[in-house]
Amino acid sequence: MCLGTLGEIESIWSEGGVPMAHIPGEEVCLLYVPEASVGDTVLVHMGFALEILDDDRARAARELRSELFSL
C-alpha cells in the first residue's frame with residue numbers, strides 16, 4: 001500500500017514545458033492538475049500532484065493522518 005502526502009504549493013514553474021511545483025520538502029509535477037496555483041493544497045503520490053483539495057477536505061485529511069500516525 002502506498003500513502004499519498006499533502007502539501008501546500010509554495011511556487012510553480014515550468015521545466016521543459018512540464019508544470020512543476022514546490023511543496024515543503026518536495027518538488028512535484030502538476031501535469032494532472034495544471035489549474036493548481038500557489039496556496040492550493042494538493043494530494044501527492046509518487047511525485048505527481050493528483051488532486052487539489054478544498055480547505056475542508058485538506059483539514060479532514062490532515063486530521064485523519066494525525067490520528068492514524070498517533071496509534
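Trainee: Is threonine 41 buried or exposed?
Mentor: Buried means under 20% relative accessible area, exposed over 50% and partly exposed in between, using a 1.4 Å probe and protein chains only. Threonine 41 has 8% relative accessibility, so it counts as buried. Keep in mind that this is a predicted model, where local features need pLDDT of at least 70, side-chain atom pairs count only at pLDDT 80 or more, and totals for chains, interfaces and linings use all residues. Residues are numbered from 1 along each chain as its sequence is written, and side-chain values use heavy atoms, with hydrogens and water left out.

Trainee: Which residues is threonine 41 in contact with, leaving aside its neighbours within four places in sequence?
Mentor: Contact means heavy atoms within 4.5 Å. With those neighbours set aside, threonine 41 is in contact with Leu6, Gly7, Glu8, Glu51, Ile52, Leu53, Ala58 and Arg62.

Trainee: What about alanine 58: is it buried or exposed?
Mentor: Its relative accessible area is 2%, so alanine 58 is buried too. Beyond its neighbours within four places in sequence, alanine 58 is in contact with Leu6, Thr41 and Leu53. Alanine 58 and glycine 7 lie 51 residues apart in sequence, yet 9.3 Å apart in space, C-alpha to C-alpha.

Trainee: How do the residues lining the largest pocket divide?
Mentor: Ala, Val, Leu, Ile, Met, Phe, Trp, Tyr, Cys and Pro count as nonpolar, Asp, Glu, Lys and Arg as charged, and the others, Gly among them, as polar. Here the lining has 9 nonpolar, 1 polar and 2 charged residues.
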